[in-house]
Amino acid sequence: MIKVRGGERLCGEVPISGAKNAALPAIFASLLTTEPVIIHNVPRLADVETALDLIRNLGKEVVWRAETLEIRGGEELCWEAPAELVQRMRASFLCLGPLLARAGKAKVAMPGGCALGPRPVDFHLYGLAKLGASIIVKDGAVVAEAARLRGHMVYLDFPSVGATEQLLLAGALAEGETVVINPAREPEVVDLAELLRKMGAEVAWDGDRVRIRGRETLGGAEHTLIPDRIEAGTYLLAGAITHGRVRTIGAKPRHLAALLDRLSLAGCEVEFGENWVEVRGPTRPKPVDFRTWPYPGFPTDLQPPMVAFLTLAEGRSTVTETVYAARFGHVEPLLQMGAKIQVSGNVQVVEGVEQLRPAAVEATDIRAGAALVLAALAAPGESYVRGEHHLRRGYESFGEKLRRLGAKVWEEGD
Ligand code: UD1
């Protein structure tokens, strides 16, 4: 549980960790080679530990040195991923492509639904089948086989982050060229492509498509992960919602363009340099409308924290969620804190209130949890946010970083 005494303005600088969503695919990329893969700037998060447990189970050795991971070994890979680890975290499904490409066969449990609504893997399976895999889904698991994957053209009906990464990973060891049309262009996907390029695959971003030419074997590589734009956005919003002034160190402003644009419309003062961003919150935000959209659109992962901020706006904001069917886990608890939000289909209408009130609330996923802590920071008095384990999946030293900014927060165990 996180205890928050709200009402303090957050001010100061906060260092941003390496991106969780870049770390996870990079860890699975290490399955593609027997040579060492060294990854720098890796955040210590529960999801990263889950990914490491998974690759250890499959035959890899992992050594941590401060924020650096060295992954080696795995001459013989086990082709069956433990269901428990796949179901704990959806991104674990990314081991399917690399296992298939390396071992010729893979069995990976279906990740199933989650708090954000149904999240199928049909694009992943469609793409791998185009690359020549025979796929059956049986007893809740995918069993895929292919003597050698062959590059092919794959059109994605939606620019799915996971499916694009799956196809880049599989394509890196496939024979010939894989072309993904309508790929995701999130910075974390580009970061994975960069790692695969260092490992020996040829990758080219080409307008509406990305091409990857595979190799028979891939080599080791050394790579530094990009900073976590979602973590940075969360702290900038924590400053903004408390009328404070927060500067993030490390995150790239160009990765945050959509958020910074909406924050200036809401009346925040925004400044930035190459590797830092500073936001100063207004006394009361102006309402703004936005919709979530694939990069460079407004990131769905910052929708719940942004809604928390807009609950205090002077007027009505309309927020449209286009990436997930049901990313509204923050709404019910925010209502308990005095927010006025109406959900209709995928639209939230947020009627700003003058003040939020403290409450005991429960987080149901990582970003809903962040939204609730932000709301609690703005609500004068003591709030309790249960479900801290969700926050540990995605925020490194969350309480500590908030305290550095002057927040009164205590982690008390769930
Ligand atoms: C990744 C991020 C997550 C972020 C999301 C969208 C990681 C580890 N997680 O998740 O934080 O919220 O991108 O930016 O990087 N879909 C299908 N079929 C598929 C695949 C996806 O219908 O085969 C749908 C999903 O249900 C969802 C949408 O497409 O509604 C976006 O999903 P996707 O981009 O694949 O997200 P993830 O890779 O799971």
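**Helix H10.** I started with helix H10 (residues 303–310), where eight of the eight residues are buried, so the helix is largely enclosed by the rest of the structure. Buried means under 20% relative accessible area, exposed means over 50%, and partly exposed is in between, with a 1.4 Å probe and protein chains only. The buried residues of H10 include Gln-303, Pro-304, Met-306 and Phe-309. Helices (H or I, at least four residues) and strands (E, at least two) are DSSP runs, numbered from the N terminus.

**What I'm working with.** This is a predicted model, in which local features need pLDDT of at least 70 and side-chain atom pairs count only at pLDDT 80 or more, while totals for chains, interfaces and linings use all residues. Residues are numbered from 1 along each chain as its sequence is written, and side-chain values use heavy atoms, with hydrogens and water left out.

I looked in the loop between strand E17 (290–291) and H10, which holds Pro-296. A cis peptide bond joins Tyr-295 to Pro-296, with omega at about 5 degrees. Next I checked phi. Asn-41 has a positive value near 65 degrees, and it isn't a glycine; I found this residue in the loop between strand E3 (37–40) and helix H2 (46–58). Ser-397, also not a glycine, has a positive phi near 50 degrees. Ser-397 sits in the loop between helix H13 (388–394) and helix H14 (398–404), and counts as partly exposed at 34% relative accessibility.

**Two domains.** The chain splits into domain 1 (2–17 + 227–411) and domain 2 (20–224), with bounds from an automatic or database domain assignment. Their C-alpha centres lie 30 Å apart.

**Ile-16.** Is Ile-16 buried or exposed? At 10% relative accessibility, Ile-16 counts as buried. I located it in the loop between strand E2 (11–15) and helix H1 (20–29). Leaving out residues up to four places away in sequence, Ile-16 touches several residues, among them Pro-227, Tyr-235, Thr-248 and Lys-401. Thr-248 is 232 residues away from Ile-16 along the chain, yet their C-alpha atoms are separated by 6.5 Å.

**Asp-261.** For another pair, I took Asp-261 in helix H9 (residues 257–265). Asp-261 and Met-110 are 151 residues apart along the chain, and their C-alpha atoms are separated by 38 Å. Asp-261 is partly exposed, at 37% relative accessible area.

My search of the whole structure turned up one cavity of 30 Å³ or more. On a 1 Å grid over the protein atoms alone, a cavity is a set of points where a 1.4 Å probe fits but cannot get out; a pocket is an open set with protein on both sides within 12 Å along at least five of seven lines, and lining residues have an atom within 4 Å of a point. The largest cavity holds about 30 Å³, and its lining includes Leu-100, Ala-146, Arg-148 and Leu-173. The second largest pocket holds about 190 Å³. Of the 15 residues lining this pocket, the closest to its centre are Ile-241, His-243, Leu-312, Gln-355 and Ala-378. Volume here is the space filled by probe spheres set on the points, with grid points joined across faces, edges and corners.

Technical notes
Contact means heavy atoms within 4.5 Å.
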